[in-house]
Each structure stands twice: as structure tokens, then as C-alpha cells.
Amino acid sequence: MPDPRCFRPSFRLVPLVLAAAALTACEVGPNYHQPSVPTTPAYKEIAGWTAAQPSDAADRADWWTVFNDPILNDLEQKVAISNQNLAAAEAAYQQARALVSEQRAALWPSVSATGAATVSKSSGSGSVVGGTVISGGSRGAVQDYNVQLGGTWEPDIWGKVRREIEGAKASAQASAADLANVRLSAQMTLAADYITLRQLDEQRRFDDDTVKAYEQSLTITRNKYNAGNAALSDVDAAETQLHNARAAAIALGQQRDQAEHAIAILTGQPPAAVSIAPGPWSLQPVAIPPGVPSTLLQRRPDVAEAERQAASASSGIGVATAGYYPNVTLTGTGGSEAQSIGALFSPQTFFWNAGVSAAETIFNGGLTHAQVQAARAAYDQSVANYRQAVLTAFGQVEDNLSAQRVLAQEQPELQAAVNSADQDLRIVQNQYKAGTVDYTSVVVAETEDYSAHNAELALEANRLTTTVDLIVALGGGWNADELKGK
């Protein structure tokens, strides 16, 4: 239904409407208010969880500096400069900004200028040139010059253009939030790939040590076999174990290359141009203060994007509602026409005309009503998407808080398992040397020790990745205030 604050004027009242519109321009459709969202005063998983040493860097855009790794810092800086997905998102944002300017242009009149010069010669019964009748016989060449300015303007009486501008601006802000989200996602992916790279470096060091240990075991087994104190099957088992360990160490190379290639692509470089030397396993998880749930409405770019899309959809209702009201158009033309350039701008050659027209749809089979209903449904959909984005954000934070808590509790147990496995391996190896156990016991102990060390390393990497995920789930230092003025 039309906005009750506005009215449907008859054509006889057009001058009055225009005068009133200059003073109190009306905007049909609802004024946007940020939709309410479900929230809680605190995170469920925060109970019993305390950040002993929260890092202030987690609240800044360069959140990755909490890991104090110069190589990671350098790589993350390159993402913002050279990542092609980010470049595409930046171009999409610039396009959205241009659309705002395009909508604003509709508030102003369209003015055009034309000019013409003609020369003609006639013979015979006569002709008309430039409005001058030439009759009878052959005449000389006749010149005609014409210059004029014309203008057309559709006053935004019902606020349709202003609603379109509101919608375009909200869409541009949503595009800016999407750009921030793409940047954050690329930064997160790079950090995860870098953690994987360093995990593989540490795994390769451990595998190399394992190969050396298995080589020593094979030497001992061969010596025992040569001395008649071991079976040939023990030698075969030791050789099999050694070859499997060497194959596993070699296979890590492919995984590391893939992680390095992924990092190169994220930084906008061909894989052949990037080589990252093996480095130490020095990354450590950091305690991140999660704040309160309501801050996610400001700190998550994907949530802000969904909210801005709702604002844009709300403006669409006003644009559709304007279809109930008449379109008013002002036109005007002025110029000069003469048969010589010298007389072109004399007072006698000037002409002008002005007019006003109005058009209103009387019947269109319910099209306008359907368009308004569709716009309202689109708004309802965007509100639901916004609320779902908020719920998803809450869930991601809760998931990562839970993961951090559980993994922190799990680590001492895995460390104890590693210590026990190391001790058991030493005992079994000494027993085998003394001939009190067979080589199968050694293989079992070595396998359990290898698995325990791998599990501990995987948990440490998981804690680091969870730290990254939590930082990103909290917005990575971004704030919706950055959208102001976009």
C-alpha cells in the first residue's frame, strides 16, 4: 500500500506538488532499522576458561604478529598486495562505489547541447530551408545556423532515487565488508598453510632421526644374526621397518612442496618463484581474549556484510513503492537560429520553450503491488540471512573456544604418553641387546614411540590452527566502523 504520509495528486495539482516537494520531499517505503538478532551475554565455552596473557595484537589488523615469526609476517604482508582473489574483491568494491555515483546522478537534470549548420540551393517551384520559404526560379545558396540547449529533469518527489542511492550505498558497504572478509580468509589460509609447512619441517626432522635409529637397530640385528643370536626374520623385519621409515620421510617432501606452492599462490606469485627454507618448530599457541558475543556484530566482516545487504533490501521496498505514484518530468529548450553566423546571437533569433508532464499508471494488472511484495520478501530473506550469519559466527567462536580448552587439557596427557613411549623403547632395546626379548617387541615399541611423537606434534599444530581460527572467528581485528563513509 502507498505510504499514508504521501498522496496521489491529480495532474491539475502538479505545480503545487512541485512547490511542496521542494520544501518537504517525501520518501515512500519504510525507514531502515537494524534487525534484532539472537545473542547471549557471554559465550557458553568461556566458563572456566581464562586467558592468562591475552595478546593486544589480536585486536589489530596485523593479528598474525602474535606468533612472532618474521617469515610469516612478511608473507602475510604480501597477501594484501598481490593476492588475486583480493584484487578481484577490490575491483568489485570499486564497481559498487561507482554504482552509488551512478544513482546520485539521477537527482540532477540531464542537459544537452546541439548545433547545426546547413547550406542548400534550390531551383524550380520552391523549397523550404531553415524555416524560410523560397519560391520560384533558381536562387543562390541559403545558409542556416542553429544552436540550442535542452534539459530534462524528473524531480525525486517520492524519494525513489534517494531510496536507490540508499540501496546502492548499502550494497557498496556490503561489498567493502566482503573485501575485508576475503582478505581475512586469505590471511587465515596462509597462516594455516605456514603452520602446516613448519609442522612438516618438524616431522621431517623427527623422521630423519627415526631413520637413523632404525639404521642402528638394523646394524645391531645383523650383528646378532652374524653371531647366531638372532633369526634372519629379525633382520628382514628391521630392513622392512627402515625402508618404510625412509619412504615416509621422502613422502613428506611432496606434502611440503604443496604447502609451499599454496603459499606462493596466496601471495600472488608463481610457485617457482617462492622457496621457503626449512625452519624450526618455534610457533606457540596464544591466549586470545574473546570478549562478549555482541561485539561480533561489529568485528565480523561477514556479519556486517549481511546486515548491509538487509539495509539495501529495505531500500528496495521504497523503490518499488514509488511505482504507486506519478512520474513528473520537466523539459526545456532554448537556443538561436539564423541564416548567418553574425546574426546567430541577436535578440531576434532566440527561441525557448518549457513544459511539464506527469504520467501515472492507472492499471497494470497488479504489477506494482507484486513488485512491492517481492521487495518485502527479499528484505525478509536478507534479515533471515543476517540472523543466520550471526548464529554461525557465535557457533564458530564457541567451537574454537571449546577446541582450545580441550586441546590444552589433552596436551599434558600426550606429553606423558611420549615420555612413557620413549622410556619403554629404551627398555625394550636394552632387553633385545641382552637377548631377553625378540625383535618383534622392539618393532612394537618403536612403532608406539613413533605414533606418540606424531600425535603430540599433530596436537601442537592443531592448537596453533585453532588459535588462528579463533582470531578469525572474532573478526581478526576488523571493525564495522571501517564501513562508515564508504
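Leaving aside neighbours within four places in sequence, which residues is P285 in contact with? In this predicted model, the partners of P285 are R463, L464 and T467. P285 itself lies in the loop between α5 and α6, the latter spanning residues 296–299.

When residues up to four places away in sequence are not counted, F67 touches L72, L283, Q284, V286, L464, T467 and V468. F67 is, together with W63 and V397, among the residues with the most contacts inside the largest nonpolar core, which has 45 residues. Two or more residues of this core come from each of α2 (70–82), α4 (160–226), α5 (232–266), α7, α8 and α9 (439–473). The most is given by α9, with eight residues. A second core of 16 residues is separate and includes V28, A320, Y324 and V372.

The pairing of α7 and α8 was examined next. Two packed helices are described by the angle between their axes and the distance between the axes. Helix α7 covers residues 301–321 and helix α8 covers residues 367–434; their axes come within 8 Å and cross at roughly 170°. Angles over 145 degrees count as roughly antiparallel, and α7 and α8 are therefore roughly antiparallel to each other. The residues of the contact of α7 with α8 comprise 15 nonpolar, eight polar and two charged.

Methods
Residues are numbered from 1 along each chain as its sequence is written. This is a predicted model: local features need pLDDT of at least 70, side-chain atom pairs count only at pLDDT 80 or more; totals for chains, interfaces and linings use all residues. Side-chain values use heavy atoms; hydrogens and water are left out. Axes are lines fitted to C-alpha atoms, for helices over the stretch in contact, and angles run from 0 to 180 degrees between N-to-C directions. Helices (H or I, at least four residues) and strands (E, at least two) are DSSP runs, numbered from the N terminus. Angles under 35 degrees count as roughly parallel, over 145 as roughly antiparallel, 65 to 115 as roughly perpendicular and the rest as oblique. Ala, Val, Leu, Ile, Met, Phe, Trp, Tyr, Cys and Pro count as nonpolar, Asp, Glu, Lys and Arg as charged, and the others, Gly among them, as polar. A nonpolar core is a set of buried Ala, Val, Leu, Ile, Met, Phe, Trp, Tyr and Cys residues joined through side-chain atoms within 4.5 Å. Buried means under 20% relative accessible area, exposed over 50%, partly exposed in between (1.4 Å probe, protein chains only). Contact means heavy atoms within 4.5 Å.
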